[in-house]
Amino acid sequence: MIRRQLLATLAATAFAPALLAAPQLFAATSEMGEAEKKHAEMTKMIGSLSLATSRLALEMASADMVKLFAKFEVAEQETVADILKSMETDKAEGALKVPTDAEVEAMLDPPAKEALAMLKGLNGAGFDKAYIAAQLDGHKKLLVIQEDYLKVGRNREHLSVAKLARGMINEHIDHIGMLKA
């Protein structure tokens, strides 16, 4: 009995420094460095254009398959935006906080605002074709952002988001290819 207590005490003493350091090790994985900030900002910026044009496509697309793609893209981009925002604050909730149109437009740079305005001026098959072309361009940019981050990233959560995003982006590029055909 005494021998067991002695062994338990020795084991606890030997592992105490590691146990005390464990929270610091886990905390280091949630810190956002420059690579993480760049990854989040670039993903949000390009994703915001995809979201804005997809919300528009829900109303203006003429082909049912284009509308269906837009529906999936809206859901995905709203989710990614919410996840990236929560990663900035370290506050996560189960409920999805969808970005408003104003929040999405605030993330758009001048060329993105021009592209959105151009799409608003189209209708029918012309809109569908321009929307699909814009989605392909945006998805290719998003893929590069994820792959670039995966080469240098150190934050577990950002790496996980980038890996998941890369898979979805590749699927969407394939889907867009089918829509173009």
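A helix, in the sense used here, is a DSSP run of at least four residues, and helices are numbered from the N terminus. The model is a predicted one.

The protein chain contains seven helices and zero strands, so that, by the DSSP definition of these elements, its pattern along the sequence reads α-α-α-α-α-α-α. Of its 181 residues, 35% count as buried. If we take the contacts in the chain with a separation of 6 or more, residues 24 or more positions apart account for 73% of them.

In soluble globular proteins, nonpolar side chains tend to be buried together. Here the largest nonpolar core has 27 residues, and those with the most contacts inside it are Ala57, Leu119, Phe127, Tyr131 and Ile169. Two or more residues of this core come from each of helix H2 (34–60), helix H3 (64–89), helix H5 (110–120), helix H6 (124–152) and helix H7 (156–180), and H6 gives the most, with eight residues. A second, separate core of five residues includes Ala40, Val80, Met87 and Val161.

The next step is to see how two of the helices lie against each other. Two packed helices are described by the angle between their axes and the distance between the axes. H2 and H3 pack at an angle of about 150°, with their axes 8 Å apart, and H2 passes H3 in a left-handed crossing. Among the residues that meet are Ala40, Gly47, Ser54 and Ala57 in H2, and Ala70, Val74, Val80 and Leu84 in H3. The length of H3 can also be checked: at 1.5 Å a residue its 26 residues should span 38 Å, and because its end C-alpha atoms are 38 Å apart, the two values agree. H3 is followed by aspartate 90, whose phi is positive, near 60°.

The side chains of arginine 55 and aspartate 101 are joined by a polar contact of 2.6 Å. Leaving aside neighbours within four places in sequence, arginine 55 is in contact with Val74, Glu78, Val98, Pro99, Thr100, Asp101 and Val104.

Helix H2 also holds glutamate 36, which counts as buried because its relative accessibility is 5%. The side chain of glutamate 36 reaches the backbone nitrogen of glycine 33 at 2.9 Å. Although glutamate 36 and arginine 154 are 118 residues apart in sequence, they are 8.2 Å apart in space, C-alpha to C-alpha. Apart from residues up to four places away in sequence, glutamate 36 touches Tyr149, Gly153, Arg154, Asn155 and His158.

Alanine 35, also in helix H2, is partly exposed, because its relative accessible area is 28%. Alanine 35 and glycine 153 are 118 residues apart in sequence and 6.2 Å apart in space, C-alpha to C-alpha. With neighbours within four places in sequence left aside, alanine 35 is in contact with Tyr149 and Val152.

Methods
Residues are numbered from 1 along each chain as its sequence is written. This is a predicted model: local features need pLDDT of at least 70, side-chain atom pairs count only at pLDDT 80 or more; totals for chains, interfaces and linings use all residues. Side-chain values use heavy atoms; hydrogens and water are left out. A nonpolar core is a set of buried Ala, Val, Leu, Ile, Met, Phe, Trp, Tyr and Cys residues joined through side-chain atoms within 4.5 Å. Buried means under 20% relative accessible area, exposed over 50%, partly exposed in between (1.4 Å probe, protein chains only). Contact means heavy atoms within 4.5 Å. A polar contact is a pair of N or O atoms within 3.5 Å; within protein, one must be able to donate a hydrogen and the other to accept it, and residues adjacent in sequence count only if both atoms are side-chain atoms. The expected span of a helix is 1.5 Å times one less than its number of residues. Axes are lines fitted to C-alpha atoms, for helices over the stretch in contact, and angles run from 0 to 180 degrees between N-to-C directions. A crossing is left-handed if the near helix is turned anticlockwise from the far one by less than a right angle, and right-handed if clockwise.
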